[in-house]
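Here's a quick briefing on how one chain is put together.

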Amino acid sequence: MKRTFIKKFIIIQSLLVTHLLSAQIKQDSISNLVSIEEEFQSNFYEALKQKGIENFNKAIKNLNRCKELYPNQAVIYYELGNIYLKLEEYDSSEKNLKKAIFLDNKNIWYRDKLYNLYLEQNNYE
């Protein structure tokens with residue numbers, strides 16, 4: 001009887017430990033996601049700030065970090081396209097604006113910016 005009690009006790013303890021470890025892993029995963037989101041927001045808003053004061057190289061650096069964190073966010077490519085347009089780097093601008101449109105083809109502002117790029121280049125085709 002004592003042996004069965006000890007066996008049951010060990011089984012319950014191991015299940016409890018497994019459950020607690022699983023809960024800790026889930027908590028760590030959630031914390032990591034929150035950390036990534038905070039890093040994205042920090043870099044994105046810093047990029048907008050740098051763009052606003054025309055420090056385009058720093059803005060590009062911050063947006064590229066955002067792109068590493070969330071590569072399918074259309075707004076990142078739109079902002080990069082917008083900055084490259086201001087720098088008159090038309091190929092980079094076009095590439096990023098087309099990517100933004102590909103990721104979010106319903107956003108009319110992305111198409112409008114690409115249209116403005118073509119107008120600036122006198123590309124009417």
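Contact here means heavy atoms within 4.5 Å. With that in hand, Ser93 touches Gly81, Tyr84, Leu85 and Leu117, leaving aside residues up to four places away in sequence. This is a predicted model, so to speak of local features takes a pLDDT of at least 70, side-chain atom pairs count only at pLDDT 80 or more, and totals for chains, interfaces and linings use all residues. Numbering starts from 1 along each chain as its sequence is written, and side-chain values use heavy atoms, with hydrogens and water left out.

**Overall layout**

- The chain has 5 helices and 0 strands; helices (H or I, at least four residues) and strands (E, at least two) are DSSP runs, numbered from the N terminus.
- Along the sequence, that reads as α-α-α-α-α.
- Of the chain's 125 residues, 28% count as buried, where buried is under 20% relative accessible area, exposed is over 50% and partly exposed is in between (1.4 Å probe, protein chains only).
- Looking at contacts with a separation of 6 or more, 44% are between residues 24 or more positions apart.

**Helix 2 against helix 3**

- The axes of these two come within 10 Å and cross at roughly 160°; axes are lines fitted to C-alpha atoms, for helices over the stretch in contact, and angles run from 0 to 180 degrees between N-to-C directions.
- Helix 2 is therefore roughly antiparallel to helix 3 (angles under 35 degrees count as roughly parallel, over 145 as roughly antiparallel, 65 to 115 as roughly perpendicular and the rest as oblique).
- On the helix 2 side, the contact includes Phe56, Ile60 and Leu63, and on the helix 3 side it includes Ile76, Leu80 and Ile83.
- By class, this contact of helix 2 with helix 3 has 10 nonpolar, 1 polar and 3 charged residues; Ala, Val, Leu, Ile, Met, Phe, Trp, Tyr, Cys and Pro count as nonpolar, Asp, Glu, Lys and Arg as charged, and the others, Gly among them, as polar.

**Helix 4 against helix 5**

- Helix 4 (residues 90-103) packs on helix 5 (residues 108-120) at about 155°, with axes 9 Å apart.
- That pair is therefore roughly antiparallel too.
- Among the residues that meet are Tyr90, Ser93 and Leu97 in helix 4, and Leu114, Leu117 and Tyr118 in helix 5.
- The class count for the contact of helix 4 with helix 5 is 8 nonpolar, 1 polar and 5 charged residues.

**Nonpolar cores**

- A nonpolar core is a set of buried Ala, Val, Leu, Ile, Met, Phe, Trp, Tyr and Cys residues joined through side-chain atoms within 4.5 Å.
- The largest one holds 13 residues, and Phe40, Leu63, Ile76, Leu80 and Ile83 touch the most other members.
- Helix 1 (2-52), helix 2 (56-69) and helix 3 (74-86) each give two or more residues to this core, with the largest share, 6 residues, coming from helix 2.
- A second, separate core of 11 residues includes Ala74, Tyr78, Ile101 and Leu114.

- Ser93 sits in helix 4 and counts as buried at 0% relative accessibility.
- Asn62, in helix 2, is buried with a relative accessible area of 14%.
- Asn62 touches Asn43, Glu46 and Ala47, again not counting residues up to four places away in sequence.
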